[in-house]
Amino acid sequence: MTESPPELVFDLDGTLIDSVPDLHACINRLLDSEGRRLLELPELTQMVGDGVPALVRRAYEATGGLPDDFEDRVRRYLVLYGAALADKTVPYPGVVETLKSLRGAGHRMGVCTNKPYGPTMEILAALGLAQFFSAVAGGDSLPVRKPDAGHLLGLLEMLDSGPDRAVMIGDSLNDIQVAINAGVRSIAVSYGYRRQPVEELGADIVIDSFSDIPEALAKLS
């Protein structure tokens, strides 16, 4: 009997989509409303990857310190971002075509992201990507989030899969570390958002383009 293709789990921001332009615009709207300095795009990019509270916290710490009612700022950011989820956000080159190819090859696919579930689903739908994924675990879907192994393992349960049957694809330390913690093979993309060289993440394979995934999977097998 021929073994079925492995389940594929993707990070969202920095892997499937380039969302920094919208994140940047919304953070700066929030900061500007309080008379704080605006963040440059590269500065904001280094703050992405650990969920909304971490992003908002880093933005305030970089522009004068945390306000007394920090949770209110997180809520205000979510309102701003909720109104502009896909204004400037786009899939990376080759994403749609490669996902079609992977689906055609029999791979079942999911998304494991620290972004909240609601915005994640809205973005996937707006960009025409939702059709490719059988399961999605946002940063608020489970009691834990990346790099905790439980986030990825919980998503694999949704896919009726397990660590030995899956491959995690992402751009950041959280993505590769959650794979390592869960005992899952991993592919790192060299583009995206991270705070260290991609070679230092510890992925099984590093690729330069999303369209390189089929070739990388062949090497893993």
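A nonpolar core here is a set of buried Ala, Val, Leu, Ile, Met, Phe, Trp, Tyr and Cys residues joined through side-chain atoms within 4.5 Å. Buried means under 20% relative accessible area, exposed over 50%, and partly exposed in between, with a 1.4 Å probe and protein chains only. The model is predicted: local features need pLDDT of at least 70, side-chain atom pairs count only at pLDDT 80 or more, and totals for chains, interfaces and linings use all residues. Residues are numbered from 1 along each chain as its sequence is written, and side-chain values use heavy atoms, with hydrogens and water left out.

**View 1. The largest nonpolar core.** This core has 51 residues. Phe10, Leu16, Tyr77, Leu99 and Phe133 have the most contacts inside it. Helix α1 (residues 20-32) gives the most to this core: six residues. Helices (H or I, at least four residues) and strands (E, at least two) are DSSP runs, numbered from the N terminus. Another core, of 15 residues, lies apart from it; among its members are Cys112, Ala149, Leu152 and Met168.

**View 2. The surroundings of Phe10.** Phe10 is buried, at 0% relative accessibility. Contact means heavy atoms within 4.5 Å. Neighbours within four places in sequence are left aside; the partners of Phe10 then include Leu16, Leu99, Leu102, Met109, Phe133 and Phe210. Gly110, Val111 and Cys112 are also among its contacts, as are Met168, Ile169 and Ile213.

**View 3. Phe10 and Phe133, an edge-to-face pair.** Rings of Phe, Tyr and Trp (its six-membered ring) pair if their centres lie within 6.5 Å; planes under 30 degrees apart count as stacked, over 60 as edge-to-face and the rest as tilted. A search of the whole structure finds four aromatic pairs. In this one the ring centres are 6.1 Å apart and the planes stand at 65°, so the pair is edge-to-face. It links distant parts of the chain, 123 residues apart. Phe10 sits in strand β1 (residues 7-10), Phe133 in the loop between α6 (117-126) and β5 (135-137). Phe133 is buried, at 11% relative accessible area. Ring pairs join Phe10, Phe133 and Phe210 into a cluster.

**View 4. Tyr77 and Tyr81, a stacked pair.** The ring centres of Tyr77 and Tyr81 are 5.8 Å apart and the planes lie at 10°, so the pair is stacked. Both belong to helix α4 (residues 70-82); they are four residues apart, hence separated by about one helical turn. Tyr77 is buried at 1% relative accessibility, and Tyr81 is buried at 2%.

**View 5. Packing of helix α8.** In α8 (residues 173-182) the buried residues are Asn174, Asp175, Ile176, Val178, Ala179 and Ala182. They pack against α7 (149-158), β6 (166-170) and β7 (185-189).
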